[in-house]
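Here are my notes for you to read alongside the model. They go point by point, through the ligands, the domains and a few residues worth a look.

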Amino acid sequence: MTHTRTQVGIVGAGPAGLLLSHLLHLRGIESVVLEARSRDYVERRVRAGVLEQRTVDTLVGSGVGQRLLAEGLVHHGIELRFGGAGHRIAFEQLVPGRAITIYGQQEVVKDLIAARLAAGGQVLFDVTDVRLAGLDGGQPAITFSHDGAEHVLDCAFVGGCDGFHGICRDAVPDGVLTFFDREYPFGWLGVLAEVAPSSAELIYSCTDRGFALHSMRSPQLSRFYLQVAPDEDIENWPDERIWAELRARLETVGGWQLAQGPVAEKGVTAMRSFVAEPMRYGRLFLAGDAAHIVPPTGAKGLNLAAFDVTVLTDALAAWFATGDESGLDAYSATCLRRVWRVQHFSWWMTTLLHTFWPVDPYERRLQRSYLDYVCSSTAAATSLAENYVGL
Ligand code: RFL
Ligand code: PHB
């Protein structure tokens, strides 16, 4: 059993854990990141694609934005497609000066890993049996196995950045956290295809066959999502069926055609909303998906993870500099204010755009009425736009 010491032990090398480690390093604070998966796996995992302006500013401002600025696609609007017509939500008019950037989560992860390793940072991949102890005292310790040996990492604080299925949240004694959650009666089938996007901007399409989203990753790579059953077996979706369904749900306006290409990746994700309160237990601070998740319709999860760790970095930097605890004490409440705004927005976008089977005709008309309202009232469209680009 080897013993090492660091200032902040971080569990999870997703966007939250890596960005926390990187931001702490810039403030002169040492950390070790422990990741259950391989480097190759985390760098290939296809997930989010939409970065809010604030997230872009954080990445660029901390020196990891070179590739993001060169390769990211800046978008000034999205399209809502329903009832046989497309309606553009024009950010440049509704929220001047604010935009979103399309840049894959795995590219953010690659950039952050490269920056940590170049700065001599420690990111350990393929660790197993991670366990937390001493969270309620002043001496937390993380035990884990790596390369066939057992290790103990002593630290002043633990960053619980290990996602929704991680172990950090479960390390909190029963009764301390309150959970809030909602499951949706559908999931998303995500597809990455080697074909130029058929649209310059994202299309959120609401149809009687279900929801579809046309997104992208680059001028050569398109990303699509189809609303499916939450437990849908991907084996039921050969590529031809995927393209036929995407065409049926997206080619709903006159003359618009979907370009097809080879499918590079596909998979099904269930959708849920979840919040754990508070986001702290003693010396453990939960951040990102470990503390809260949202359905991806609002494109918010990664952005929220980035927000959490900027708040946490400031709080930890103040503590290490002067012993000031006020930032740490305020961490959970500061994050949860934003978390709940995003919870509402993501639930609302999901409810507005999906088909809930069996269809309740009354609810369907309410949905349609709200879509019409969002697309005809500047006030309603501004509300969507400011939440989408990030408050
Ligand atoms: P992650 O990315 O899940 O990373 C957690 C890491 O912890 C590791 N881990 C452990 N490590 C050590 N020991 C253990 N016991 C461990 N248990 C787990 C895991 O292997 C993993 O590497 O959480 P993080 O960092 O909080 O980041 C959150 C984001 O990944 C997530 O919110 C977004 O992907 C959500 N999301 C979107 N967010 C956006 O902001 N914009 C989007 O456009 C967007 N689109 C999406 C999305 C999520 C999706 N899926 C697949 C859920 C689209 C989809 C389809
Ligand atoms: C994506 O490109 O992966 C994406 C875009 C918009 C969303 C969710 C995911 O709302």
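1. A word on classes before the ligands: Ala, Val, Leu, Ile, Met, Phe, Trp, Tyr, Cys and Pro count as nonpolar, Asp, Glu, Lys and Arg as charged, and the others, Gly among them, as polar. On that basis, the shell around ligand 1 holds 15 nonpolar, ten polar and seven charged residues.

2. Some ground rules. This is a predicted model, in which local features need pLDDT of at least 70 and side-chain atom pairs count only at pLDDT 80 or more, while totals for chains, interfaces and linings use all residues. Residues are numbered from 1 along each chain as its sequence is written, chains are lettered from A and ligands numbered from 1 in the order in which they are written, and side-chain values use heavy atoms, with hydrogens and water left out.

3. Which residues come nearest to ligand 1? Among the 32 residues around ligand 1, these are Glu35, Arg45, Gln105, Asp289 and Leu302; a residue is near a molecule or strand if one of its heavy atoms lies within 4 Å of it. Helix α8 (301-322) and α1 (15-26) each supply at least two residues of this shell, and α8 gives the most, with three residues. Helices (H or I, at least four residues) and strands (E, at least two) are DSSP runs, numbered from the N terminus.

4. The backbone takes part in polar contacts with ligand 1; a polar contact is a pair of N or O atoms within 3.5 Å, and within protein one must be able to donate a hydrogen and the other to accept it, with residues adjacent in sequence counting only if both atoms are side-chain atoms. A polar backbone atom of Ala36 is 3.1 Å from a nitrogen atom of ligand 1, and a backbone N or O atom of Gly301 also lies 3.1 Å from a nitrogen atom of this ligand. For Gly49, a backbone N or O atom lies 3.2 Å from an oxygen atom of ligand 1. On its own, ligand 1 has 1000 Å² of accessible area, and the protein covers 88% of that; accessible areas come from the Shrake-Rupley method with a 1.4 Å probe, and for residues only the protein chains shown count as cover.

5. Now for ligand 2, which is surrounded by 13 residues, the closest being Tyr204, Ser215, Arg217, Tyr225 and Pro296. Polar side-chain atoms of Tyr204 and Ser215 lie near oxygen atoms of ligand 2, at 2.7 Å for Tyr204 and 2.6 Å for Ser215. Pro296 places a backbone N or O atom 2.8 Å from an oxygen atom of ligand 2. Taken alone, ligand 2 exposes 280 Å², of which the protein buries 97%.

6. What is the make-up of the shell around ligand 2, by class? There are eight nonpolar, three polar and two charged residues. Strand β16 (residues 210-218) gives the most to this shell, with three residues. Domain 1 and domain 2 each contribute at least three residues to the shell.

7. On the domains themselves, the protein chain is divided into domain 1 (2-75 + 99-180 + 272-349) and domain 2 (184-271 + 355-389), with bounds that come from an automatic or database domain assignment. Their centres, taken over C-alpha atoms, are separated by 29 Å. The contact takes 26 residues from domain 1 and 23 residues from domain 2, where contact means heavy atoms within 4.5 Å.

8. Please look at the backbone too. Most residues other than glycine have a negative phi, and most peptide bonds are trans. A cis peptide bond joins Glu277 and Pro278, with omega about -10°, and Pro278 lies in the loop between β18 (263-277) and β19 (280-281). The bond from Trp357 to Pro358 is also cis, with omega near -5°; Pro358 is found in the loop between α9 (326-353) and α10 (361-376).

9. Asp129 is not a glycine, yet has a positive phi of about 50°. Asp129 sits in strand β10 (residues 128-133) and counts as partly exposed because its relative accessibility is 47%; buried means under 20% relative accessible area, exposed over 50%, partly exposed in between (1.4 Å probe, protein chains only). Ala299 likewise has a positive phi, of about 60°, and is buried, with a relative accessible area of 17%.
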